[in-house]
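Colleague: I would like to go through this model with you. Let us take the strands, then the core and the cavity.

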Amino acid sequence: MPNPIPTPSLPAPDIVRCAYMEIVVTDLARSRAFYVDVLGLHETEEDDEAIYLRSLEEFIHHNLVLRKGPVAAVAAFAYRVRSPADVDAAEAYYRELGCRTERRRDGFTKGVGDSVRVEDPLGFPYEFFYDVQHVERLTQRYDLYSAGELVRLDHFNQVTPDVPRGRQYLEDLGFRVSEDIQDSDGVTYAVWMHRKQTVHDTALTGGNGPRMHHVAFATHEKHNIIQICDKMGALRISDRIERGPGRHGVSNAFYLYILDPDDHRIEIYCQDYYTGDPDNPTITWDVHDNQRRDWWGNAVVPSWYSEASLVLDLDGNPQDVVERDERSEQAVTVGADGFSYTRRDDGGAPAEGFKLGTQL
């Protein structure tokens, strides 16, 4: 692995889960209409500069911050840690790594106290916090429940040029791998990593980065996702459905990808599986397995591979995007010489069930 990220001598902070994302949007009213009126996220607080939203089961102040700004981008991937001491640990850990850090005892957003933000070794703006304002958990507010209800924040997905480098860094930070995609030459195209006991709190997708591929909210059942599709169709915004609905091979989850007014990608997600045992096995998928991204074998639209959101440094400026050197998943499975299989013969070689995807 070229240019590996050193493992600090100090202990990593004890991360509990992904907790919220702060995104910059260019029109607050238009974004509010999408996230509140269409998706049904619940408003905790609002001012002239930001809207604070949460999902039905959340008891902390927010899962999503929409902040008004000139350039659509992501300002923070925020993680809750287990204790106030872990905020100190995060600050020390990243300082040893030589990363830029900023500590705010009153927090970076409303509803969150003592926090540290860092520009991590991959170029992403990470935040770590413990102190938070509690709000009403809406699990029994059935008068507010919608047919497409989003119940919790599930995960982030990050685009980075060197997936093994990022994997090693996140494993040092305490993340565990649930699944990955590789080829027979050992090239890793994506990896799914968790702290809570599900398939992932974040994933690394190989590509030009650092960029944010998507942020995902969970529903209880797949019919909730179908209702969102029906609602978007009724509102004549079905062109904002980018991919799905469908069933993933990786994670086994039912999924839908949609685009907000600034083209930030949102996944709606349900029905993955438990990963909490210490010997939970890692599942490795062949990049040529036609069912890895969609269990039904449907082709992945090209924009899903190529488009993603910019991320900001601690001064609020977009980070430079670095091109991936290794071959891309899109090129080896969709491009002119790319073929995927559905079934193999007993010898392990691709045998039949090829699909051409979208290369013709």
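Colleague: Which residues of β7 point one way, and which the other way?

Modeller: First, the ground rules: this is a predicted model, where local features need pLDDT of at least 70, side-chain atom pairs count only at pLDDT 80 or more, and totals for chains, interfaces and linings use all residues. Residues are numbered from 1 along each chain as its sequence is written, and side-chain values use heavy atoms, with hydrogens and water left out. In a regular strand, side chains alternate between the two faces of the sheet. In β7, S115, R117 and E119 point one way, and the other way point V116 and V118.

Colleague: How many of the residues of β7 are buried?

Modeller: Buried means under 20% relative accessible area, exposed over 50%, and partly exposed in between (1.4 Å probe, protein chains only). Strands are DSSP runs of E, at least two residues, numbered from the N terminus. β7 covers residues 115-119 and is largely enclosed by the rest of the structure, because the buried count is 5 of the 5.

Colleague: Which residue is the bridge partner of S115 in β8?

Modeller: Two strands pair if DSSP finds at least two bridges between them. β6 (residues 101-104) runs antiparallel to β7, with 4 bridges, and there R104 partners S115. β7 also pairs with β8 (residues 125-129), antiparallel, over 5 bridges. In β8, the partner of S115 is F129.

Colleague: Which residue in the hairpin of β7 and β8 takes a positive phi?

Modeller: The hairpin has 5 residues between the strands. The phi in question is near 95°, and the residue is G123.

Colleague: How many residues are in the largest nonpolar core?

Modeller: A nonpolar core is a set of buried Ala, Val, Leu, Ile, Met, Phe, Trp, Tyr and Cys residues joined through side-chain atoms within 4.5 Å. Among those touching the most other members are F77, Y94 and F128. The largest core has 59 residues.

Colleague: What is the volume of the largest cavity?

Modeller: A cavity is a set of points, on a 1 Å grid over the protein atoms alone, where a 1.4 Å probe fits but cannot get out; lining residues have an atom within 4 Å of a point. The lining has 13 residues, with W192, H200, H248, Y257 and R293 nearest the centre. Grid points are joined across faces, edges and corners, and a volume is the space filled by probe spheres set on the points. For the largest cavity, that is about 110 Å³.

Definitions and conventions:
On a 1 Å grid over the protein atoms alone, a cavity is a set of points where a 1.4 Å probe fits but cannot get out, and a pocket is an open set with protein on both sides within 12 Å along at least five of seven lines; lining residues have an atom within 4 Å of a point.
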